[in-house]
Amino acid sequence: MKSLTKALAVGAALVLSLGLAACTGSANADSTDGATASSAGTFAKDSSTLVFGVVPDTVNTQSNYQPIADYIAKITGKKVEYRESSDYTALIQAAIAGQVDVASFSGFTYVTAANGGAKLTPFASIITKEGQKPGYYSEAIVPKNSSITSLDGFKGKKVCFVDPSSTSGYLFPTYNLLKAGIDPAKDITPVFAGKHDASALKVSQGAECDAGFAEDSAVEAQSGLKVVAKTMVPGAPMVYANGLPDEIKKDLSDKLSTVTIADIQKAGIKNADSQGFKDTFFAFSPVDDKYYDQIRDICTVTKSPQCEAK
């Protein structure tokens with residue numbers, strides 16, 4: 001679940017598309033004033049609510065994640081507010097500011113948020129098909145009738161990326177281009193589409209982009225494309241804020257980290273049997289912070305400024 005030239009300017013980045021920035025407050029504030037403190041933990045909004053932040057990776061992000069939000073409400077007994085960020089950077093900065101309780105990140109946005117001081121714990125990653133392990137593919141794509149057959153052919157071209165903070169739509173593509181001897185800062189013209197499906201669409205049209213990158217599910221859903229290279233990336237993490245009460249963190253770890261779509265459907269969650277949800281979710285699998293060390297290693301190699309939240 002899975003999809004970047006936006007700067008990490010704090011003033012803009014704290015704004016979420018559905019008003020998440022309004023949830024700011026001191027960790028010692030009263031429940032009517034933002035972050036709520038209690039003897040058992042703190043919340044982004046108040047002790048009856050969990051704010052669920054989500055990366056805006058496709059046009060169908062909310063329909064893909066709403067059943068998960070509703071299931072979180074069921075297992076924790078809390079009201080869950082779905083908050084889709086305006087872009088990847090906004091979710092990073094919201095996490096650093098303590099404005100989310102639970103979130104679905106990309107691996108790169110999680111590492112960046114943690115580097116910026118966000119106190120988070122990854123506990124699960126999505127599996128989209130039975131028998132899979134966490135992880136998905138970053139795919140290098142060109143129009144179906146293109147003469148380009150490998151990453152070498154991207155040099156001198158207009159290349160679509162997703163967002164500067166996207167794992168499969170920017171970080172891994174940058175790393176793979178460098179390995180192919182192509183400097184993304186000098187040898188191509190970058191175009192940032194904002195979402196994975198938008199990147200796939202622009203490449204298929206062949207006007208704004210001669211080539212590009214997107215996650216595998218977006219590529220599979222878009223006709224008129226040819227895949228010329230692909231790389232497995234760590235699965236996108238579900239995280240919780242470390243300041244939450246222990247019982248809430250335990251509920252999330254114990255009841256969500258291995259849940260399947262069948263479990264969610266049996267719980268009577270609305271739209272859990274929709275085709276869109278079934279196409280993007282099969283189960284969660286437990287992960288931990290160490291699972292994302294590969295991303296940290298690639299940050300070291302690429303020296304991407306997006307690896308450090310400002």
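## Helix crossing

The crossing of α2 and α8 is right-handed, a term used when the near helix is turned clockwise from the far one by less than a right angle. Contact, meaning heavy atoms within 4.5 Å, is made by Y71, I72, I75 and T76 of α2 together with I248, D251, L252, K255 and L256 of α8.

Helix α2 spans residues 61-76 and helix α8 residues 246-256, and the two pack at an angle of about 120° with their axes 10 Å apart; axes are lines fitted to C-alpha atoms over the stretch in contact, and angles run from 0 to 180 degrees between N-to-C directions. The helices are therefore oblique to each other, given that angles under 35 degrees count as roughly parallel, over 145 as roughly antiparallel, 65 to 115 as roughly perpendicular and the rest as oblique.

## Basis of the model

This is a predicted model, in which local features need pLDDT of at least 70 and side-chain atom pairs count only at pLDDT 80 or more, while totals for chains, interfaces and linings use all residues. Residues are numbered from 1 along each chain as its sequence is written, and side-chain values use heavy atoms, with hydrogens and water left out.

## The open sheet

Five strands form an open sheet in the order β9-β8-β10-β7-β11, with mixed pairing; strands pair if DSSP finds at least two bridges between them, and helices (H or I, at least four residues) and strands (E, at least two) are DSSP runs numbered from the N terminus. The edge strands, β9 (189-192) and β11 (225-233), each pair on one side only.
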